[in-house]
Amino acid sequence: MTNEQTNPGKDAASVVVAATQLRKHYQTGAETVEALRGVDFRAERGDFVVIHGPSGSGKTTFLNMLGCIDYPTSGAVEIYGQDVATLSDGKLAELRRDKIGLVFQTFNLMPVLSTYENIEYPLLLQNVPRPQRRERVQKLIDAVGLTNEAGRRPNKLSGGQRQRVALARALITETHFVLADEPTGNLDTETSKRIMGIMKSLNENRDVAFVVVTHDPMVGEFARRTVEIRDGLLSTVTQGG
Ligand SMILES: Nc1ncnc2c1ncn2[C@@H]1O[C@H](COP(=O)(O)OP(=O)(O)O)[C@@H](O)[C@H]1O
Ligand SMILES: [Mg+2]
């Protein structure tokens, strides 16, 4: 038997996300904005893709499609080979909860929860029992260097610390797929490099695929490959280290 026959699922399973001819139009009154104009994209297990583009080029729109938090006007998104358009609302919510980690420019932490509780939250949604929750949260808090901040609420943390909480929260479900929208947008250069360095080590050591959209050129230094987005179209793919 050929390799494909003995191992039919392997290649498909290594594709974390695939987008085919993705289009997104926004209707505002009489005007239609074509935010995405036919985008093909795929990312595999262990990938680290940085998508660069200026403000208004369609980065957030694109990430919202990949993260299944908005619907495309046309085209398809597959997560681990599953066409998300075929899923019920309930199954789609499960997919988002279990398979996709999201990181935003503004961190989006819950102000009333501590570092520990913010990171733990996705596990409560998954009904993970308390002893496992504790073990997993503790490990990840240590991994992102927030051991001493476990009991603090977001307003007692620096921007870089908040983004590390957000990163840990994105990863606590043991997903291998994280989407980040301008993750360094509110951080100074040194802090930005630290955050990107943590992402890079998570990518290398835990095989987490990252898709990061940004207008910050520095972020590209951490990519395995970079892609440009201009006026709703992807171009110039470069292979990095
Ligand atoms: N909800 C929306 N309604 C109408 N137009 C939108 C909406 N979201 C984004 N757009 C438009 O789509 C284009 C791409 O926006 P966006 O994806 O936010 O770009 P970026 O994240 O690269 O700044 C812009 O022209 C923007 O004004
Ligand atoms: Mg944006």
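This is a conversation about how to read one predicted model, from its overall build to the shell around its ligand.

Biologist: What should I know before I start reading?

Modeller: The model is predicted, so local features need pLDDT of at least 70 and side-chain atom pairs count only at pLDDT 80 or more, while totals for chains, interfaces and linings use all residues. Residues are numbered from 1 along each chain as its sequence is written, and chains are lettered from A and ligands numbered from 1 in the order in which they are written.

Biologist: How many helices and strands does the protein chain have?

Modeller: Helices (H or I, at least four residues) and strands (E, at least two) are DSSP runs, numbered from the N terminus. Here the protein chain has eight helices and ten strands. With a radius of gyration of 18 Å, close to the 18 Å that the globule rule gives for 241 residues, the protein chain is as compact as a globular protein of that length. That radius is taken over C-alpha atoms, and the rule is 2.2 Å times the number of residues to the power 0.38. Along its principal axes, the C-alpha trace spans about 50 × 45 × 40 Å.

Biologist: What share of the residues is buried?

Modeller: Count neighbours: a residue is buried if 20 or more other C-beta atoms lie within 10 Å of its own, exposed if 12 or fewer, and partly exposed in between, with C-beta atoms placed from the backbone. Buried residues make up 38% of the 241 in the protein chain.

Biologist: Can you show me the count at work on single residues?

Modeller: Take threonine 226, which sits in strand E9 (residues 225-230). Threonine 226 counts as buried because it has 21 C-beta neighbours inside 10 Å. Arginine 37, in strand E2, has 15 such neighbours inside 10 Å, so it counts as partly exposed.

Biologist: Which residues does arginine 37 touch?

Modeller: Two residues are in contact if their C-beta atoms, placed from the backbone, lie within 7 Å. Leaving out residues up to four places away in sequence, arginine 37 touches Arg23, Gly232 and Leu233. Over the protein chain, 71% of the contacts with a separation of 6 or more are between residues 24 or more positions apart.

Biologist: Now the sheets. How do E1 and E2 pair?

Modeller: Two strands pair if DSSP finds at least two bridges between them. E1 (15-28) and E2 (31-44) pair in the antiparallel sense over eleven bridges. They form a hairpin with two residues between them, and glycine 29 in the turn has a positive phi of about 60°. Threonine 28 has glutamate 31 in E2 as its bridge partner.

Biologist: What is the strand order in that sheet?

Modeller: The order is E2-E1-E4-E5, an open sheet of four strands with antiparallel pairing. The edge strands are E2 and E5 (82-83), each pairing on one side only. H3 packs on the sheet, touching E1, E2 and E4, and its direction makes about 125° with that of E1. For that angle, axes are lines fitted to C-alpha atoms, for helices over the stretch in contact, and angles run from 0 to 180 degrees between N-to-C directions. Five bridges join E1 to E4 (residues 74-79) in antiparallel fashion, and E4 and E5 pair over two bridges.

Biologist: What about E3, and which way do its side chains point?

Modeller: In a regular strand the side chains alternate between the two faces of the sheet. In E3, Phe48, Val50 and His52 point one way and Val49 and Ile51 the other way, and all are buried. E3 pairs in the parallel sense with E8 (residues 209-214) over five bridges, and with E9, also parallel, over four. Histidine 52 has bridge partners in both: threonine 214 in E8 and glutamate 228 in E9.

Biologist: Which residues are around ligand 1?

Modeller: A residue is near a molecule if its C-beta atom, placed from the backbone, lies within 6 Å of it. Around ligand 1 those are Tyr26, Thr28, Val33, Ala35, Gly53, Ser55, Gly56, Ser57, Gly58, Lys59, Thr60 and Thr61. E1, E2 and helix H3 (59-66) each supply at least two residues of the shell, and H3 gives the most, with three.

Biologist: How does the shell divide by residue type?

Modeller: Ala, Val, Leu, Ile, Met, Phe, Trp, Tyr, Cys and Pro count as nonpolar, Asp, Glu, Lys and Arg as charged, and the others, Gly among them, as polar. The shell around ligand 1 has three nonpolar residues, eight polar and one charged.
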